[in-house]
Amino acid sequence: MKMMTCHSFIYPNHNYYYHHQNFYFVALGRGTSMAAASASPTPVLRSELKPVEPVEQDLQTALNFVSSPRQRELVFVVNPQGANGRTGKDWKKLLPFLRSRLGNDYNICESFTTGPRHAIDITREAIREGAEAVIAVGGDGTIYEVVNGFFCDGKPVASNNKENLKATALGVIPLGTGSDFARTFGWSNDPYAAVERVAKGMRSRVDVGVITGPTGDQNYFINVADIHLSAKAGFYASKYKKFGNLCYVIGALQAFMSHYNQDFRIKVNEGEWEFCPQVTALCVGNAKFFGGGMKITPNADPRSGNLSVVILQHFKWYDFILNLHKIYSGTHLKVKNVSSRSVNSIEVEDISGRGGVYIQSDGEHLGFLPKKICVLPSAIEMIC
């Protein structure tokens with residue numbers, strides 16, 4: 001079986017016909033896997049085809065062939081603008097190895113994102129069409145969108161093929177500014193090692209966090225959600241991505257310039273409201289790292305069925321600087337005014353009267369408090 005690469009969203013306004021010998025193969029939407037031919041098919045636009053008498057019969061033959069069982073499909077969701085365009089360049093370098101390693105066993109489909117939330121739509125379509133796996137190629141922002149694509153209207157997205165009993169898996173190839181989620185599993189930033197993980201195909205169920213606002217709006221995350229200073233720092237850091245991981249430190253320093261510790265109240269596991277004074281940052285981890293390698297929730301485990309909450313209180317700007325190395329190493333839980341607990345859910349409200357408390361997850365700004373954060377145990381199968 002030859003591999004056919006599907007460029008699903010690059011040319012959204014064209015259907016392509018692939019001509020080989022006496023058959024016209026049709027590629028619609030994201031692309032369709034065809035049987036092996038003795039030579040690679042050459043793409044021809046519909047407008048370039050000359051109508052001939054047998055085309056209708058040959059086309060029907062091809063369509064009937066398309067309805068036969070397809071080769072397993074991997075959909076690679078690539079953010080070509082990630083890391084100031086480096087992701088797109090690195091992907092082109094990786095592609096020949098990926099094809100040679102995976103092409104005999106899978107139909108490979110590339111889908112390039114064109115803007116915010118595009119990866120969500122790509123992922124949902126791929127799952128509905130029964131893809132073997134959707135693989136996020138980029139940084140934590142791309143992973144965040146792909147994870148959100150596994151859900152729609154508060155429910156997991158399902159395959160339209162009722163005979164497809166195997167769930168679509170999540171895969172990760174780190175090629176972005178931040179690859180914090182991969183650090184929890186001890187994965188390096190080596191994309192070739194990531195391709196090897198995909199080739200082995202080992203799967204494990206992982207938890208997902210869901211953030212719900214007062215209007216019922218929901219956002220899903222697989223890494224870390226954070227509130228107040230760290231979220232504001234992430235918001236500013238997004239403006240300095242050209243500096244690589246240094247953008248997180250710059251963002252944190254800028255956030256501190258306008259920062260005030262604020263009084264919160266929290267409700268854990270649907271219990272009673274608790275007063276939580278002078279909060280500097282509140283982080284909810286499904287995994288361990290954020291901010292370019294800070295081990296903010298060192299006790300988090302995405303296969304535990306729980307979320308890890310770390311709260312920093314009464315911090316001044318110099319406390320942050322003095323303890324920054326401990327946050328990177330994950331030893332900050334022993335620092336004064338730092339607390340940690342394991343939860344299934346947590347609600348957070350600002351009661352200081354100042355308002356404007358930022359919240360983000362996996363580097364994506366999600367507005368302001370109040371919010372409720374819950375864990376969805378074993379929500380997604382992941383290639384690991």
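Contact here means heavy atoms within 4.5 Å. The model is predicted.

**Exercise 1. Check the span of helix 8, then find what its buried residues pack against.**

Solution. 
- Step 1: Helix 8 covers residues 246-257, twelve in number.
- Step 2: The expected span is 1.5 Å times one less than the number of residues.
- Step 3: List the buried positions of helix 8: C247, Y248, G251, A252, A255 and F256.
- Step 4: These buried residues pack against helix 7 (229-237), strand 15 (273-285) and helix 9.

**Exercise 2. Locate the nonpolar surface patch and classify Y318 as buried, partly exposed or exposed.**

Solution. 
- Step 1: The patch consists of L253, W317, Y318, I321 and L322. Together they have about 550 Å² of accessible area.
- Step 2: Helix 9 (residues 317-329) gives the largest share, four residues. Y318 lies in helix 9.
- Step 3: Buried means under 20% relative accessible area, and exposed means over 50%. Y318 has 41% relative accessibility, so it counts as partly exposed.

**Exercise 3. Describe the largest nonpolar core and its main contributor.**

Solution. 
- Step 1: The core has 31 residues. V146, V147, L170 and I380 have the most contacts inside it.
- Step 2: Elements giving two or more residues to this core include strand 5 (73-78), helix 4 (140-149), strand 10 (169-174) and strand 21 (371-383).
- Step 3: Helix 3 supplies the largest share of this core, four residues.
- Step 4: For context, nonpolar side chains tend to be buried together in soluble globular proteins.

Definitions and conventions. Residues are numbered from 1 along each chain as its sequence is written. This is a predicted model: local features need pLDDT of at least 70, side-chain atom pairs count only at pLDDT 80 or more; totals for chains, interfaces and linings use all residues. Side-chain values use heavy atoms; hydrogens and water are left out. Patches are made of residues with over 30% relative accessible area and no salt bridge: like charges are joined within 9 Å, nonpolar side chains (Val, Leu, Ile, Met, Phe, Trp, Tyr) within 5 Å. Accessible areas come from the Shrake-Rupley method with a 1.4 Å probe; for residues, only the protein chains shown count as cover. A salt bridge is a side-chain nitrogen of Lys or Arg within 4 Å of a carboxyl oxygen of Asp or Glu. Buried means under 20% relative accessible area, exposed over 50%, partly exposed in between (1.4 Å probe, protein chains only). A nonpolar core is a set of buried Ala, Val, Leu, Ile, Met, Phe, Trp, Tyr and Cys residues joined through side-chain atoms within 4.5 Å.
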